Amino acid sequence: MKALIRDGALVEDAFVDVSDADVLPETGAIIVSLEQWQANRDALLARGEPLGLKLRSDQMPDAVASDLEHFEVIALEFPKFRDGRAYSYARLLRERYGYAKELRAVGEVLLEQLHFMLRCGFDAFEIRDPDPLGAYRAAAADYTVWYQPTGDGRPTAMQLRRQRVQRA
Amino acid sequence: MYRYDEFDHRLVAERIAQFRRQVKRRLAGEITEDQFKPLRLKNGVYLQLHAYMLRVNVPYGTLSSRQLRKFAHIARTYDRGFGHFTTRQNIQYNWIQLEQVPDILEELASVEITTIQSSGNCVRNITSDQYAGVARDELADPRVYCELLRQYSVLHPEFSYLPRKFKIAVTGSPNDRAAVAVHDIGLRMHRNAAGETGFEVLVGGGLGRTPYLAHTIRDWLAPEDLLAYVESILRIYNIYGRRDNIHKARIKIIVNQLGIDRYRELVEEDFAASKGLPRPELPPDEIERIAGYFAPPPYETLEDCTAELEKLAAAEPRFAEWLRHNVTPHKQSGYAIVNVSLKAPGAVPGDITAECMDALADLADAYSFGELRVNHRQNLVLPYVRQSDLYAVWTALDPLALATPNLNLLSDLISCPGLDYCALANARSIPVARDISARFVNVDRLAAIGPLTINVSGCMNACGHHHVGNIGILGVDKRGKEFFQLTLGGSSDQNASLGDRLGPGLAQQDVPDAIEAIVDRYLELREEGERFLDTYRRVGIEPFKEAVYGSAQEKVA
């Protein structure tokens, strides 16, 4: 069973993933594929319902860089945990394209990878664990030191060292 | 040397705590071997033919006596009393128990050493010139940038799941001892007309089954931009690198598939677009702060003591040979660089016992400001020895079989662990290396042959870097039998080249004869002042083909 954690809380998923469906439902919040979005853009916007987009790991987000305002959710897929492309996509969406709404990690999302995903800008996760919230909290607390700056704004070791020198 | 501060210590402690939990879950069967594999690999733990192997990073080859003593302690306590130095300036232990690994990691952390990212599809140990900071020909100290790159690459949130492993090497000297042209990223320092130091950035070099020399992606990069530019190279690789075939996943493949011009365009676009956004900027005062860790040791003001050394050498020819071959000029007058050969006749290249490690740590304390280096040719270095101490150092090294006067000579072979240990190997590389070094023991003969590198790999993954050996030896498996293919003309220095295949594979017992035949032909053909490589580049492969196969057709597989 998979559960959805958003902003550190267990939540009901309001969206239905129809990215594999042949026919789009008339009502309800849905997550569509890039192909569905590109083929049915006007109809999807005319539905007037919350819309999400799912990108496969071989679909770069620059394809939708100018459409981001239309999406309440963007789900980036990890088809295998070792396919790391979505880490780059997440940072591009957050930092370069300014996408500020839900960024969801879906597919093979392993607990060991959570802190990397958080740092790259994901705020929602599909978790498969008997105790999803407990597992999430433990994994998110694995590390308290970071060497690299990302859009999450956590201070890096270098920044903290420099602050300390300035204070002294 | 760099010293950890509270941040570095805390990160390593958190990493070990995490791995301890992961090992516990694995031993309890809560995660499968398939799920555990990438976790253990990123902590340097391999499952080899007979046991777990632990690969420990020696960051850019710089080692303190305290760290070397810890390596000795681990060899004695957790392994079979020895370790193996590799071509990536690392040390490997071949007989490790998985349940003991977290304890070993804690022992290592106490001397500021880790195994983080010594394996896995991520940025590996940053490697460099073993003579950094002491070489006469150095423009600037590469260790400063190696340390900045080390910190930058540790647990990178975006680049911990790259398509494949990623190796970075830095040289601060025009004479490249770090083999930067055969790395995923090679950094070569230059000085511009204004006297500023910057980097030439190379990308897409590598060995393995598809060897390539790197292309220059940037002629000049300011040091402040180093990490941000590396980030753009990594991002383009992470996005575009092939993930459909493990054998085509290294950056060299995508660089050559897209072409260096297209790859450069993508990197430059990303580099320009990331300006002003979160990216690893490198303020000059931060570079200076790190440079402070690599300040020269408190040298004494000394004169070169050439006359005394000549006197000692005249009285003791073996000391003279060692002085000639294993001692390298130092940039500080009165000092010398001592190369410690781990290539005694018949030895396993790179292997060293716990006793020898302890002895070397003592020598480093007594004669080299407590510091050592590991070079990528599987030898060790005492970087700061007073010339007046050279005789004492030699006297201490000699009975330990650590003073074989063969640096950069034929018997200074490089070899991977091969089928004696490695799960990937097709052939046993160590016996071949030992046979050759046992055949070429006469120091006068080795000296007469001159500089000649031999690199042995037990399979096409090329951990022994056979493509860049002057003579490369590649073990292959043909219908269940081991054969060895020879290549000639490889080099990993500033004029890097990949070796040319000599001909059909040879049986193990015929390899030493083939090396003899090649060497004899070279000695016939060489002109005044030529090294083997010079002669080979002048005359080409045909005379050597004839020397090996002309007279030995019946032995050919």
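# Questions on a predicted two-chain model

Reader: Which residues have the most contacts inside the largest nonpolar core?
Author: That core has 202 residues. A nonpolar core is a set of buried Ala, Val, Leu, Ile, Met, Phe, Trp, Tyr and Cys residues joined through C-beta atoms within 7 Å; buried means that 20 or more other C-beta atoms lie within 10 Å of a residue's own, exposed means 12 or fewer, and partly exposed is in between, with C-beta atoms placed from the backbone. The residues with the most contacts inside the core are I74(A), F125(A), M357(B) and L360(B).

Reader: And which element gives the most to this core?
Author: Elements here are DSSP runs numbered from the N terminus: helices (H or I, at least four residues) and strands (E, at least two). With nine residues, the top giver is α6(B).

Reader: What kind of model is this?
Author: Residues are numbered from 1 along each chain as its sequence is written, while chains are lettered from A and ligands numbered from 1 in the order in which they are written. Local features need pLDDT of at least 70, side-chain atom pairs count only at pLDDT 80 or more, and totals for chains, interfaces and linings use all residues, since the model is predicted.

Reader: What share of chain A is buried?
Author: Chain A has five helices and eight strands, and its C-alpha atoms fill a box of roughly 60 × 40 × 25 Å along the principal axes. Out of 168 residues in chain A, the buried share is 38%.

Reader: How do the residues on the side of chain B that touches chain A divide by class?
Author: The contact takes 27 residues from chain B and 26 from chain A. On chain B's side, α1 (6–27), α2 (33–41), α5 (142–153) and α6 (226–240) each supply at least two residues, and α1(B) has the largest share, with five. For the classes, Ala, Val, Leu, Ile, Met, Phe, Trp, Tyr, Cys and Pro count as nonpolar, Asp, Glu, Lys and Arg as charged, and the others, Gly among them, as polar. The side of chain B divides into 14 nonpolar, six polar and seven charged.

Reader: Which strands sit at the edges of the five-stranded open sheet in chain B?
Author: The order is β1-β2-β5-β4-β13, with antiparallel pairing; two strands pair if DSSP finds at least two bridges between them. An edge strand pairs on one side only, and in chain B these are β1 (45–47) and β13 (351–353).

Reader: At what angle does helix α3 of chain B run to β5(B)?
Author: Helix α3 (residues 65–78) lies across β4 and β5 of chain B. Axes are lines fitted to C-alpha atoms, for helices over the stretch in contact, and angles run from 0 to 180 degrees between N-to-C directions. For α3 and β5(B) the angle is about 15 degrees.

Reader: How far apart are the centres of domain 1 and domain 3 of chain B?
Author: Chain B is divided into domain 1 (6–109), domain 2 (135–293), domain 3 (306–400) and domain 4 (414–555), with bounds that come from an automatic or database domain assignment. Taken over C-alpha atoms, the centres of domains 1 and 3 are separated by 29 Å.

Reader: Is Q117(B) buried or exposed?
Author: Q117(B) is found in the loop between α4 (101–109) and β6 (127–128) of chain B, and has a positive phi of about 60 degrees although it is not a glycine. Because 24 other C-beta atoms lie within 10 Å, Q117(B) is buried.

Reader: What about I287(B): why does it count as it does?
Author: I287(B) is in helix α9 (residues 284–293) of chain B. Leaving aside neighbours within four places in sequence, I287(B) is in contact with V144(B), P223(B) and L282(B). I287(B) counts as partly exposed because its C-beta neighbours inside 10 Å number 16.

Notes:
Two residues are in contact if their C-beta atoms, placed from the backbone, lie within 7 Å.
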